[in-house]
Amino acid sequence: MAELADRPFPPGDYPVVVVGSGPGGLQASYFLRRLGIAHAVISADERPGGMFRRFPFFQRLLSWTKPYAPAPRDDRWYEWYDWNSLLADEPQNRSIMAELMDGSSSFPSRPEMELNLSTFAHRTGVSVRYGCTWRGTRRDEDRFVLETTDGDYRCQVAIFAVGVAQPWKPETPGFEHVPHYAETRDAAEYAGRKLFIVGKENSAFELATGLLPWAQRIVLASPRPAKLSVNLHSLAGVRARYIQPVEDEVLGGGVFIINASIDRIDRSAGGYRVRCLRSDGGGELNVDADEVIAATGWTCPLNDLSELGVSVFGRSLLPSMTNYWQSASVPGIYFAGTIGQGVAGMKKYGMPANSGAVHGARYNARVMVEHLAETHFGVARHQPVVEPERIVEMLLQAATRSPELWNQKSYLCRAVALDPSSGSRDLGVMPLADFVDREGVAAVAIAVETDDSGDIHPAVYVRPANRPAVETLLESDPLHDFRTPANRAQMASLLKEATSGAIR
Amino acid sequence: MPITSQQKSEALSRLPLFAGISEESLRRLSEAAGEQEFGPGEFIVRQGQLGSGLYVILEGEASVLRGSTELARLGPGEFFGEMAVLDQQPRMASVRAESQTRCLAIASWDLLRQLEEDSALALNLIHGLVARIRAFGESHRH
Amino acid sequence: MALSRQQLVDTIGGLSLFADLTPTQLEQVAHRLAEESYPAGQRILRQGFTGTGFYVILEGEVAIRIDGEERARLGKGDFFGEMSVLLGEPPVADVVALRQLHVLHLGGPELEGFLREHPAVMLRMLRTVALRLRNASRWRS
């Protein structure tokens, strides 16, 4: 019993309960504590790390951490060059990932990432009740009750950071015989085998890249053509690290990338026969394979939340959320971590934000926690007064250096309320979609954006009092320092218009 | 002297509506297109009538009228009548030649068949239509 | 509203825009367009903003507003955003979710390619756009 007694957060009543000990849960807990909001963190796992305890399968991440970057490591600007460390206000707890890398790659290995997360939890004192599995949820008047293997947790606000972590396969006949990405075996076991991978997302290309030295032939198939990140200007595409199979296919080297939907998969004597229907109208194509792997994605393990009224959508069963990652149908239930990608934001030119990755989700967590602290617990946000003559410089500086604006382009913005009577106030970082759709006091916000040509530039949103925001794109800069004379002049004139409108 | 199929094809290929469409489409449309000429004051189409085709002005000038109100002026390269082809409803407006006007007329069934076969043509037509909707909206607002 | 893959394909097949597609083509559409969810009150298209996309409503209702004044409503099966994308100009209207909205989304830069791959969808869109033009000109007169 001594061991049990040492575990933190026994069942009971807490203002907030966080479920999950991956990056999303750890980051949410960290900011809750910074704001002095008592909470419990529970996790079914035995140690921190979430999905990084197992994946990526081939043991190296897709997200960079550049130990030698244009920004010093103790500067917040460095976060743009370090996509894997969690955020901390104390300089000594920042950029932990960079300390732990062995120099063989600017993409950390999976074990390095796992160590990064446990080091963060250790140094910042984020504690978790491990081995405590969330089983079900119910309501009891104004509280949520989370039923767990250790007993009931009651809370006013629940934050679920349980990842988009449940393997998903289509209902198409035959998939029941086929392993999911999560069930891939050791690479050597695919030696000399004919491999068929269903899917063309990064997970499919990760497998193809890792199994390239082993499989005798690799076919990748899905209805949609593969898109590369370098062409899309977005991380939604196949990353440069996994382009090797594409080159092999172009050169005719035993990799085939086919645009086709899978009609059915049958067992055959030696393996499988995959019946494909080609997307170009070319008809049926039967492919024999020794091995098939479904790299077809994941869903959210939201347990019984739908019975509580939490509405979900899409193949991944993401919850429908407000711009502050609160369930759109059940107030008081929030989501952190990769689930946050269900909030689409502006998605300019179709490009998603990075909410599905640590380098986007960590900022969402801070904005979410500040929001729920204010709306549920009356913790007022610190909104310092800004001298009017400093606003332009402050916002252009934010566009040039703020990691949240760079990591969450067209998604998070830095805003200032323009109130001629009580003085202008720094509203901090907030979701851009919320800023532009919420009418109120006159305000201005800046975001960093990319267009379809790949140009990276600031965008200014001026919101006159009680009117919708107006968008103005500023000029780019070859070295991405947006503090140019032209931008200063343009911002000054935009602000003048906005405040004169406010006075009228 | 009636123009040749080659001349019709050249005339059509210069129009934005037919820019970038396949050689085959252009050839078929040119073969299907008939040349028509109208004198000043003569109606090319009348409001309320069932439309049977798309007209492209080669030469001259025409006015778009609803009742006695002039909505727009059309000149060489501009087209009209596509709405009736698409929704088979009566013409929304009349078009009257203001000077000696030469048109190419393409019958509904010929155009529809080509739209089904040539996505570039359909896309051009959508472009033309959304631009008109936008123009309507603008004139409505200001 | 969460739909299984097959339910999504069936739902898409039931929308008039996609009514002429074969099951294989519907499957492609389901892969190509992303499902998104927006809370009530959120604008999906914003007057004067760049980088917009194309949307097909799966569930819910939107209002089209110009300078704050409501001009029309769209519901299940209706689509919007194609005008701005095809013209390469920012929207002249806001499109606002009146309640929880579930849509299919295609990024602006992908729309022309998508229509070229699916001429049957393009023809359907053409007819709807023609109808909108007819309605737009009725408002004016």
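**Exercise 1.** In this predicted model, describe how helix H1 (residues 5-13) of chain B packs with helix H2 (residues 23-32) of chain B: what are the angle and the axis distance?

*Solution.* Let's start with the geometry. The axes of H1(B) and H2(B) are 9 Å apart, and the two helices pack at an angle of about 120°. This angle makes H1(B) oblique to H2(B), because 65 to 115 degrees would count as roughly perpendicular and over 145 as roughly antiparallel. Next comes the handedness: the crossing of H1(B) past H2(B) is right-handed.

Now for the residues. H1(B) contributes B:Ser5, B:Lys8, B:Ser9, B:Leu12 and B:Ser13 to the contact, while H2(B) brings B:Leu26, B:Arg27, B:Leu29, B:Ser30 and B:Glu31. Sorted by class, the contact has three nonpolar, four polar and three charged residues.

**Exercise 2.** Work out the layout of the six-stranded sheet in chain A: what is the strand order, and is the pairing parallel or antiparallel?

*Solution.* Reading across the open sheet, the order is S17-S19-S18-S20-S21-S22, and the pairing is antiparallel.

Let's zoom in on one pair. Strand S20 (residues 443-450) and strand S21 (residues 456-463) of chain A run antiparallel and are joined by eight bridges. Within this pairing, A:Ala443 is opposite A:Arg463 of S21(A).

**Exercise 3.** Which strands of the sheet does helix H8 (residues 358-377) of chain A touch?

*Solution.* H8 packs on the sheet through contacts with strand S18 (412-417) and strand S19 (424-431) of chain A. For the orientation, the direction of H8 makes about 125° with that of S19(A).

Note on methods: Residues are numbered from 1 along each chain as its sequence is written. Chains are lettered from A and ligands numbered from 1 in the order in which they are written. This is a predicted model: local features need pLDDT of at least 70, side-chain atom pairs count only at pLDDT 80 or more; totals for chains, interfaces and linings use all residues. Axes are lines fitted to C-alpha atoms, for helices over the stretch in contact, and angles run from 0 to 180 degrees between N-to-C directions. Helices (H or I, at least four residues) and strands (E, at least two) are DSSP runs, numbered from the N terminus. Angles under 35 degrees count as roughly parallel, over 145 as roughly antiparallel, 65 to 115 as roughly perpendicular and the rest as oblique. A crossing is left-handed if the near helix is turned anticlockwise from the far one by less than a right angle, and right-handed if clockwise. Two residues are in contact if their C-beta atoms, placed from the backbone, lie within 7 Å. Ala, Val, Leu, Ile, Met, Phe, Trp, Tyr, Cys and Pro count as nonpolar, Asp, Glu, Lys and Arg as charged, and the others, Gly among them, as polar. Two strands pair if DSSP finds at least two bridges between them.
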